[in-house]
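Please look over the following model before reading the notes below, which are grouped by topic.

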Amino acid sequence: MNEVMMAADASSMRGVGSTSFASSPSSNLLPNNLPLISAFLAFALAQFLKVFTNWFKERRWDSKRLIGSGGMPSSHSATVTALAVAIGLQDGTGGSAFAIAVVLACVVMYDATGVRLHAGRQAELLNQIVCEFPPEHPLSSVRPLRELLGHTPLQVVAGALLGFIVAFLMRNSDGVA
């Protein structure tokens, strides 16, 4: 029976400086989680900025850009970059959490400029083909496919830059050097 260790015993054996899910309840609340707050804020800011960049490009207001994918800047890139940078600033760049966040960010940004961008371009072409069908064709009344799915490399870089800035400013506004 001596081999059985209680959860309370395990948590008391942890080092004072280590982070743990079993530490004080207040340290796990959303307002104290810099990486999570930075990621959500970067996402919201990127989505908000899409309304203005869309107006600048097309000279019309489109409130659907607040919840839509695609466009400038990439909210996916902003989110994962803010997450990775905030983890790096908070815990250092040598930990597993930072490595996971960087790999996740690379996969998301690669996918945004690759698969999702090309899927959007294919949807655009398919929508053009369907528009040319005669009205009696069975596919002429099919709802159009979403075309804004992916991002250009510039949109991804802009999103990543936004995410970096948000995480950096959040870290500095936290009062921690």
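Val 108 counts as buried because its relative accessibility is 19%, where buried means under 20% relative accessible area, exposed over 50%, and partly exposed in between (1.4 Å probe, protein chains only). This is a predicted model, in which local features need pLDDT of at least 70 and side-chain atom pairs count only at pLDDT 80 or more, while totals for chains, interfaces and linings use all residues. Residues are numbered from 1 along each chain as its sequence is written, and side-chain values use heavy atoms, with hydrogens and water left out.

**Surroundings of Val 108**
- Val 108 lies in helix H4, which spans residues 96-113; helices (H or I, at least four residues) and strands (E, at least two) are DSSP runs, numbered from the N terminus.
- Apart from its neighbours within four places in sequence, Val 108 is in contact with His 76 and Val 80, contact meaning heavy atoms within 4.5 Å.
- Val 80 is 28 residues from Val 108 in sequence, and the C-alpha atoms of the two are 7.6 Å apart in space.

**Phe 48**
- Phe 48 belongs to helix H2, residues 34-58, and is partly exposed, with a relative accessible area of 44%.

**The chain as a whole**
- The chain has six helices and zero strands, so that its elements, read from the N terminus, run α-α-α-α-α-α.
- Of the 177 residues in the chain, 29% are buried.
- Among contacts between residues at least 6 apart in sequence, 66% join residues at least 24 apart.
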